[in-house]
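Visitor: Could you walk me through this model, one question at a time?
Guide: Gladly; have a look first, and then ask away.

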Amino acid sequence: MIRIGLRDARAHFGRFVMSIIAIALGVSFVVGSFCFREMMNNQVDQMLASNSDADVYVRGDTEQKDDTSASFAASSSGSESGSDSTQTSTESKNYNRIDVSLVDTIGSVQGVDTAEAVYEVNGLVLVGKDGNAVSTMGGMTSGMGLSQGTWRSATLTQGRWAKAKDEITLHTFAAETAGLNVGDTTKLVYPDGPADVRVVGIFSTASSQAGAIIIGLDPATAKEYFQQQSGQIGTARYLTVYGSAAQGQPLSVEQQQTLADRINKALPADANAVAVTGQSVRDDNAASTKKALGFIQPLILIFAIIALFVGSFIITNTFSMIVRESMRGYALLRSIGASPVQVFVTVAVQAVLLGLVGSGIGIGLGWGMVKGIVALMARMGTPMTGAVNPSVSDMLVGLIVGVLVTLIGASLPARRAAMAPPIQAMNETVNPEKPVWPRGIIGAIMMVLGVCAWAVCWRIAWVNTNGGEVSPWSRFNDLATTLGTGWPLGIGAGLIVIGVIVLAPALVTPTSAVLGWIPSHVFTVTGRLATRNLSRSKRRTANTAAALFVGVAIVSCLGVIASSAKASVAGIVDSGLKSDFSAMSVSNGQIPDDAIEAIKNTEGIDTVSQSRMLMGVTYGSGDDEASAMTFAEQPSLFTKVFAPVTNAGDADKALRDGELVVGLEVAKDNGWKVGDEVRVNGRQVVVDEAATAKAQADYQAQVKGTIDNLTAQAQQLMAAGDMAGAQAKTKEIEKVSDDAKNVDPATMVKTKNETTHVTMKVGAIIENSIYRSMVLMNDDAANKIANKYTMFTIMLFINGKSGIDLDGLKTRLIDAVKPYYVVNVQNRDEFKSTMSSMVDQILLVLYALLALSIVIAIFGIVNTLALSVSERTKEIGLLRAIGTSRAQIRGMLGIEAAIIAVFGTVLGMVVGVAAGVVIRAVYEANGLSTLSIPWNQLAVFLALSILVGLIASVSPASRALKQPVLDAVASE
Amino acid sequence: MDDHVVAQAIDLTKVYGDADNRVLALDHVNVEFERGQMTAIMGPSGSGKSTLMHCMAGLDQPTSGKVIVEGLEVSAMNQRQLTKLRREQIGFIFQSFNLVPTLSAEENILLPLQIAKKPIDRAWFKQVVSVVGLEHRLKHRPSQLSGGQQQRVACARAMMARPSVIFADEPTGNLDSHSSREVLGFLKQSVQQYGQSIVMVTHDPRAASYADRVLVLADGNITQDLRHPSYDRILEVFADEGNEDGDAEPNA
């Protein structure tokens with residue numbers, strides 16, 4: 001029996017091609033998704049191993065809420081699905097900062113080689129050899145204060161480490177990308193403006209940096225900018241410690257633990273610091289990074305499931321064809337004594353073979369896919385060194401999934417072959433389809449339940465925003481509170497999607513009547529024939545459409561959300577933004593003061609409004625202390641730049657009067673109302689007189705010591721009669737004292753943090769989405785709690801003089817900021833598109849997904865049509881015999897395919913748009929304030945689906961026409 | 001060509017298979033089918049009777065020779081011309097599987113006209129339907145009709161377009177004797193009343209006895225050409241043929 005199966009398989013190979021492609025596609029997504037995840041994990045591990053390579057880290061011992069940068073990115077994009085995963089810091093949790101002076105304490109612990117605070121400066125821009133700013137897809141440019149021994153995994157390959165502000169050392173990737181070599185001079189844009197720098201060295205790291213441009217800075221320079229950026233002096237997030245136990249090599253985990261224990265003993269109790277092993281930090285970081293990247297795999301897997309789902313019924317269809325054609329053969333086998341099981345086996349053997357071949361190809365394809373992605377990323381500037389080869393378990397999973405799906409797909413036709421009584425098998429009778437109404441009822445019930453779940457979800461979201469009770473039943477309310485919005489949303493979506501798939505066969509007849517209305521009036525005969533043909537096997541039609549349904553549902557749901565996000569953002573710009581231009585730093589950092597001056601001096605400028613961010617501002621005291629992004633604005637903000645969308649109070653008046661203007665989100669989080677008095681804790685950096693005096697005294701003492709020492713040596717040499725040596729020493733003495741005279745007193749200045757507390761009144765609450773999570777105050781108020789060291793200009797809003805030529809002004813502005821590289825001037829439209837550029841990235845992913853589901857759907861439609869054509873050979877022959885032209889047959893099948901495609905697409909759109917509307921409503925408070933349904937896009941999808949159907953019908957129609965009319969109608 | 005000839009085969013030869021495995025299905029056949037007559041083609045299995053009809057109807061390409069229907073050379077036609085021929089000149093009746101299952105009886109009958117986008121002659125439709133006795137079955141689907149009824153629908157469909165000639169391939173092959181008589185009676189009636197030309201392949205002598213003319217084929221040659229033969233005469237001829245060839249079919 002197995003031999004018969006194998007022989008049949010060889011005979012049917014042509015038939016299997018499509019099934020093999022489907023299985024291969026499905027399996028390739030499965031394997032590819034695993035492979036991709038492993039590659040990313042591997043990359044993360046590699047990067048952590050070389051980037052966080054310390055043996056012991058000393059960090060704060062109390063966890064803190066994060067405040068600044070991440071939430072800024074999320075709120076300004078106005079979208080829930082923020083893609084800031086790339087920026088997800090390698091720190092999973094935030095701890096209190098610790099005093100860098102602990103370095104001395106730690107350095108003296110036995111077994112410590114070096115202990116240092118490594119300062120990192122973000123938002124730098126490196127100017128490449130060609131005079132343009134270097135940027136890559138991979139991410140940001142960052143500078144680190146590096147010197148010998150501060151970063152063990154970094155190996156200097158050329159030159160030396162930077163020792164001054166005008167020197168830099170480049171990572172190999174950075175040097176390559178920028179086209180710079182040791183000795184070249186270029187410009188580096190520091191947060192406060194560009195500076196001429198010389199490349200003094202190049203270093204390499206074991207792992208690639210995934211496209212990040214890493215610049216080694218002079219440690220002192222790095223420290224200075226780090227303090228500016230963080231607004232904190234003399235503190236660091238963590239200190240890195242290298243141990244000496246392994247002679248310069250990384251310590252083992254035990255050695256790390258011993259060293260950490262020893263350091264912990266040495267740390268003073270009031271330092272609020274704790275030493276942890278490097279391994280534990282790496283593990284934590286790896287876990288959090290991997291979690292952040294974890295969303296990618298399920299996304300790929302969804303499409304793997306669609307592909308396999310389609311694959312399974314392509315296989316069912318294919319085997320149905322094969323079984324139908326071989327029915328006489330099976331009947332013969334049965335009549336000479338083969339058992340049903342044996343007949344089943346002959347079919348199952350073919351399925352297993354097909355599954356093996358398909359999975360094998362799929363594994364290779366998945367592997368190639370990940371390799372392709374990696375190659376593509378490398379070309380776009382994000383080289384990955386993570387391993388891309390699938391593990392044995394990946395391959396096994398792929399193989400098992402592939403074979404299992406094939407077997408499941410083939411089992412129904414195989415069963416039919418096995419169970420058919422020999423006599424019935426001889427006669428070619430088509431059994432009428434089982435009624436579809438039970439499925440209709442079950443599907444409808446599931447959909448109703450799903451809609452209820454969505455309604456509950458909507459209600460919970462509404463209550464969360466507006467207060468009140470979810471329902472009159474308290475027990476239900478408790479349940480709703482514990483569930484939140486996520487669960488009902490997900491359960492509802494799941495029920496509706498499955499409900500539609502279950503219900504679909506019952507919808508085929510009414511739908512094809514409706515969708516077939518136009519074709520059956522335009523093409524009277526072919527249209528009607530096509531429409532009726534669809535209702536013949538409703539399940540098959542519905543399954544074919546289901547593939548497109550799921551894909552289109554996902555795509556239209558995302559489409560609605562993306563479009564709403566875009567509209568929500570555009571809404572601010574359209575209705576709110578009044579200024580002609582905006583300027584911001586492309587490195588997401590501050591705008592240099594010189595650049596601001598240059599803009600202000602540009603001809604034709606009327607007003608320039610500065611938005612300055614205040615570092616480290618908190619509100620309240622004690623346990624209620626909460627941080628919020630705080631900006632200092634000019635009093636004219638609301639009249640010249642943004643029209644306020646006021647929730648309570650008078651925003652314009654409040655700002656002018658020095659009261660706080662609070663974003664709705666912040667107000668809600670803290671329970672503030674207009675008129676409330678709030679304690680504002682600001683931070684200022686001031687000169688520490690005592691420390692400065694001490695530093696100067698220390699320096700003088702040190703110089704004096706050196707001179708005394710040299711004088712003593714000179715005297716000794718003189719006594720020994722070495723006049724030349726003594727003279728040299730005298731020269732040295734002169735040099736040291738000259739240096740001491742010439743030293744810049746500024747380097748002696750020590751600064752410290754001072755916290756100021758001011759009580760302010762909440763004057764207004766506004767809900768412009770850009771300001772939702774911010775607190776605004778005017779410049780005067782801000783100056784009371786912060787000074788120039790803790791306030792940075794983030795954005796400028798520029799108005800031209802009335803009647804001026806805006807295009808000309810824009811050109812002049814761009815020229816004015818050109819020397820600063822990082823400042824980007826945009827007019828109102830460009831500003832709007834910047835705000836929605838992330839949304840566009842989502843849309844790009846969306847189109848990729850759409851293309852994928854279309855490809856899969858085409859396979860499904862082609863296969864289903866091929867099966868129905870093979871079942872209708874005689875009928876099509878008859879139609880030809882009574883005068884139907886070839887074009888009419890093609891037309892009939894084209895209409896059938898198009899209706900299937902439109903059916904799936906319309907179902908998908910209805911469900912997807914509904915899901916999008918619900919999700920938008922649920923996350924309304926998170927910035928999706930405007931509902932926008934992308935009708936044009938949906939119309940394109942619909943048109944596309946018709947096209948897809950027509951394309952899919954080409955090959956089955958050709959097959960139908962290839963059959964000679966005679967074969968179809970001859971009685972034997 | 002004479003106006004009384006509706007279809008004609010000239011030196012028609014059909015060879016199946018390759019050089020090693022040659023089967024001569026038709027061997028230089030010359031025949032004329034007359035207008036307004038029912039012609040039956042008889043012969044044992046493999047005699048070439050079906051091949052002759054398929055070639056005449058343009059369903060099969062002859063190896064050599066000519067087929068002419070209504071003065072048009074069928075054997076030289078391309079697909080487009082064949083489609084036109086089927087729409088305008090030829091009607092078909094098959095042994096089985098001859099109705100579109102998704103269409104009602106009425107829709108099946110009207111299908112050829114609709115495919116050809118020709119106007120429907122309602123009076124003619126009523127007449128045809130009443131002749132075949134399907135007035136009360138028009139809304140039924142083929143699966144709701146008996147075999148005889150289905151074949152009557154097929155006859156009505158073939159008649160509807162008023163083709164020059166109807167080719168019927170074993171029209172009674174799947175029917176019981178009662179239904180056979182009904183269908184044959186209807187075909188005969190259409191010849192006598194409306195002057196329809198019919199070419200019918202059959203190996204049922206009873207069916208052949210309804211014909212105006214019976215052609216007997218053996219080994220690709222026409223061996224007998226009988227005018228208005230009686231049932232007994234046909235049986236007699238067949239008995240002779242059987243004796244000569246030794247492989248005559250048992251009478252159905």
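**A tour in questions and answers**

Guide: Let us start with a pair of residues: B:L217 has B:I222 in β10(B) as its bridge partner. Helices (H or I, at least four residues) and strands (E, at least two) are DSSP runs, numbered from the N terminus. The model is predicted, so local features need pLDDT of at least 70 and side-chain atom pairs count only at pLDDT 80 or more, while totals for chains, interfaces and linings use all residues. Residues are numbered from 1 along each chain as its sequence is written, and chains are lettered from A and ligands numbered from 1 in the order in which they are written.

Visitor: How many bridges join β9 of chain B to β10(B)?
Guide: Two strands pair if DSSP finds at least two bridges between them. β9 of chain B covers residues 213-218 and runs antiparallel to β10(B). The number of bridges joining them is six.

Visitor: In what order do the six strands of the open sheet in chain B come?
Guide: The pairing in this sheet is mixed. β6 (90-93) and β10 (221-227) of chain B stand at the edges with a single partner strand each, so one side of each has no neighbour in the sheet. On average, neighbouring strands are turned by 20° against each other, direction ignored. The order is β6-β7-β8-β3-β9-β10.

Visitor: At about what angle to β6(B) does helix α5 of chain B run?
Guide: Axes are lines fitted to C-alpha atoms, for helices over the stretch in contact, and angles run from 0 to 180 degrees between N-to-C directions. Helix α5 spans residues 147-160 and lies across β6 and β7 (165-169) of chain B. Its angle to β6(B) is about 175°.

Visitor: What share of the residues of chain B count as buried?
Guide: A residue is buried if 20 or more other C-beta atoms lie within 10 Å of its own, exposed if 12 or fewer, and partly exposed in between, with C-beta atoms placed from the backbone. Chain B has eight helices and ten strands. Of its 252 residues, the buried share is 47%.

Visitor: Which elements of chain B give two or more residues to the side that touches chain A?
Guide: Contact here puts the C-beta atoms of two residues, placed from the backbone, within 7 Å. By that rule, 23 residues of chain B are in contact with 20 residues of chain A. The elements asked for are α2 (79-88) and α3 (105-115) of chain B.

Visitor: Which residues are buried in helix α1 of chain A?
Guide: The helix covers residues 2-11. Seen down the axis, its buried residues fall within an arc of 140° (taken from the directions from the helix axis to the C-beta atoms), so they line one face of α1(A). They pack against α2 (13-51) and α10 (340-379) of chain A, while the face turned away carries the exposed A:R3, A:R10 and A:A11. The buried residues are A:I4, A:G5 and A:A9.

Visitor: Is A:A726 buried, partly exposed or exposed?
Guide: A:A726 lies in helix α24 (residues 723-742) of chain A. Beyond four places in sequence, A:A726 touches A:A714, A:L717 and A:M718; A:A714 is twelve residues away in sequence and 4.6 Å away in space, C-alpha to C-alpha. Because 18 C-beta neighbours lie inside 10 Å, A:A726 counts as partly exposed.

Visitor: Where in chain A is confidence lowest?
Guide: pLDDT is the predictor's confidence in each residue, from 0 to 100. The mean for chain A is 78, and 86% of its residues reach 70 or more. Confidence is highest in helix α30 (residues 886-922), at 90. The lowest mean, 33, belongs to helix α3 (residues 69-77) of chain A.
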